[in-house]
Amino acid sequence: MPTHPPSQRRHAAAQARVATALLSLGGFVGIIGAMAATRTTASTTAPVPAETSAPTAPAPASTTAPVQAPVQVPVQASVQMPVPVPTIAPATSSGTGSSGASRYAGTPAQVFNQQPVTRSYASR
Amino acid sequence: MGSDAVVIVVGSRPGLAERARERLDDLESLWSRFRPDSEVSLLNASGGQPMEVSGETIHLVSTALDAWSATGGAYDPTVLGDVLRAGYTVSFESLPATPALARTNLRIGAGGIRVDPVSQTVQLPPGVGFDPGGIGKGLAADMVVAELIAGGAEGACVNVGGDLRVAGRAPDGVPGAGWGIGVENPFSEEPAGVLGLADGGVATSSRLRRRWTGGDGKAAHHLIDPRTGTPADSGLAAVTIVAAQAWQAEMLAKAVFLTGATAGAVLLDDFGAAGLLIADEGSILKTTNLSSFLGDAPPSTIAGARRAREEVAS
């Protein structure tokens with residue numbers, strides 16, 4: 001019986017949780033309303049790159065796009081918010097993301113640029 | 001791919017930006033489902049036979065299958081039949097207000113797609129349609145930015161229809177400064193936030209764009225839930241994701257949009273990506289790790305967003 005490395009088992013577990021979450025969907029649950037804005041000023045922990053496997057895919061070829069190496073960077077000091085904005089705290093996650101970023105994590109700027117040079121929008 | 005594109009190149013020799021534009025045109029000609037001679041269109045017409053395709057299309061199909069697998073099927077590149085049956089049959093710019101619903105027997109079936117990088121062939125199961133959707137735009141942005149940096153650019157941004165990738169030095173030249181990226185709020189003229197990103201991708205999915213009235217009189221949009229085969233209704237109006245690469249951001253934006261805020265938060269935490277979600281009633285929800293990308297305050301209030309939503313709906 002083949003054994004799988006911990007990263008694969010962790011990813012498989014994550015897949016199972018997502019599948020469970022998918023099955024339990026009934027729409028948006030208002031878990032957010034009572035939560036105060038908690039903009040953290042703590043520095044991020046060093047992320048651990050996690051290889052993802054494709055347990056249900058037909059052995060897709062791996063992508064060739066370069067994988068962004070996680071970089072530890074200081075977090076911006078929090079900005080005073082005129083309106084509290086709720087944050088989403090995953091209740092059932094294993095925390096592989098928040099406690100150790102994966103190859104899916106972008107790299108924040110060290111110095112914030114207030115002037116956007118472009119914007120992200122839904123295609124029209 | 002039915003979208004506008006913006007290319008920003010920092011510190012490069014002349015001609016590099018023009019090469020990027022030509023490269024995007026190349027990828028459009030290979031991947032657009034609205035061009036009958038594209039490889040994606042020919043693949044959909046291949047009748048279940050293996051078809052030799054370019055390396056770019058091998059990469060696209062492989063990436064789409066990676067995304068399908070990683071999201072447990074929430075992102076599915078084979079919902080083409082449902083998209084057509086919902087009425088999205090031509091490029092959105094050409095879509096009438098109430099398009100006729102297409103009659104097609106195309107079905108989902110990503111699990112049966114075969115990719116052979118050695119023979120450079122892709123084989124779709126008979127009756128399965130392939131539609132890369134937003135992943136094509138995100139992947140194009142990733143590829144072109146990588147090629148710009150490899151070609152000598154100090155920094156680059158490629159934005160294809162709102163799915164974008166940035167890398168390297170930002171235009172203002174301040175050491176450590178990232179790329180400022182506004183996040184669209186569909187309920188407001190003001191952005192929902194401005195992200196500071198040194199390297200990564202951002203993508204937004206919204207049911208308030210690319211929408212139309214179906215032949216049955218019901219409102220429809222292009223974000224199909226593969227579980228139901230109909231436009232998704234998860235309580236979210238828009239989802240913006242920050243990830244390492246634009247195709248990843250697009251994949252997660254689609255998956256979170258389909259699954260809703262609760263399951264979406266779990267998904268994002270597992271992947272280590274950050275998200276800004278706007279609920280149907282206009283409230284803005286953020287993952288905790290988004291704070292490291294934010295430097296200003298979202299201006300909209302729920303009450304203001306509701307008013308704006310009414311204007312959008314009217």
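Entry, two helices in contact. I looked up where H3(B) and H5(B) touch, and in this predicted model I find Leu60(B), Thr63(B), Ala64(B) and Ala67(B) of H3(B) meeting Ile135(B), Gly136(B) and Leu139(B) of H5(B). The two axes come within 10 Å and cross at roughly 115°, and I noted the crossing of H3(B) past H5(B) as right-handed. As a reminder to myself, an α-helix has 3.6 residues a turn, so residues three or four places apart point the same way.

Entry, what else H3(B) lies on. I followed H3(B), residues 55–70, to the strands and found that it lies across E3 and E4 of chain B, running at about 135° to E3(B). I then looked up the sheet itself, which is open and has three strands in the order E2-E4-E3 of chain B, with antiparallel pairing. Strand E2 (51–52) and strand E3 (114–116) of chain B stand at the edges with a single partner strand each, so one side of each has no neighbour in the sheet. Between E3(B) and E4(B), residues 121–123, I read three bridges, the two strands running antiparallel, and Val115(B) stands opposite Val122(B) of E4(B).

Entry, helix H1(B). I asked which residues of H1(B) are buried. I find Ala20(B), Leu24(B), Leu27(B), Glu28(B), Leu30(B) and Trp31(B). They cover an arc of only 165° around the axis, which puts them on the same side of H1(B). On the other side, Glu18(B), Glu22(B), Asp25(B) and Ser29(B) are exposed. I also checked the span: H1(B) has 16 residues and reaches 22 Å from its first C-alpha to its last, close to the 22 Å expected at 1.5 Å a residue. As for what the buried residues of H1(B) pack against, I listed strand E1 (5–10), helix H2 (39–44), H3, helix H5 (134–150) and strand E5 (155–160), all of chain B.

Leaving aside residues up to four places away in sequence, Leu30(B) touches Ser38(B), Glu39(B), Ser54(B), Glu56(B) and Thr57(B). I also looked up Val53(B), which is 23 residues from Leu30(B) in sequence and 9.2 Å from it in space, C-alpha to C-alpha.

Entry, helix H6(B). I turned to residues 246–259 of chain B, where H6(B) has 14 residues and reaches 20 Å from its first C-alpha to its last, close to the 20 Å expected at 1.5 Å a residue. I found 14 of the 14 residues of H6(B) buried, so H6(B) is largely enclosed by the rest of the structure. Just after H6(B), I noted that Gly260(B) takes a positive phi of about 95°.

Entry, a strand with partners in two chains. I looked up whether E7(B), residues 179–183, is mostly covered or mostly open, and I find five of its five residues buried. Both faces are covered, with Trp179(B), Ile181(B) and Val183(B) on one side and Gly180(B) and Gly182(B) on the other. Strand E3 of chain A, residues 118–120, pairs with E7(B) in the parallel sense over three bridges, and there Arg119(A) stands opposite Gly182(B). E7(B) also pairs with E8(B), residues 193–206, in the antiparallel sense over five bridges, and in E8(B) the bridge partner of Gly182(B) is Val194(B).

Among contacts in chain B between residues at least 6 apart in sequence, 63% join residues at least 24 apart. Chain A comes to one helix and three strands, running α-β-β-β from the N terminus on. Buried residues make up 34% of the 124 residues of chain A, and among its contacts between residues at least 6 apart in sequence, 94% join residues at least 24 apart.

Methods. Residues numbered from 1 in each chain as written. Chains lettered and ligands numbered in written order. Predicted model: local features only at pLDDT ≥ 70, side-chain atom pairs only at ≥ 80, totals over all residues. Contact = placed C-beta atoms within 7 Å. Pairing = 2+ DSSP bridges. Helix = DSSP H or I, 4+ residues; strand = E, 2+ residues; numbered from the N terminus. Axes fitted to C-alpha atoms, helices over the stretch in contact; angles between N-to-C directions. Expected span 1.5 Å × (residues − 1). Buried ≥ 20, exposed ≤ 12 C-beta atoms within 10 Å, placed from the backbone. Arc of directions from axis to C-beta. Left-handed = near helix turned anticlockwise from the far one by under 90°.
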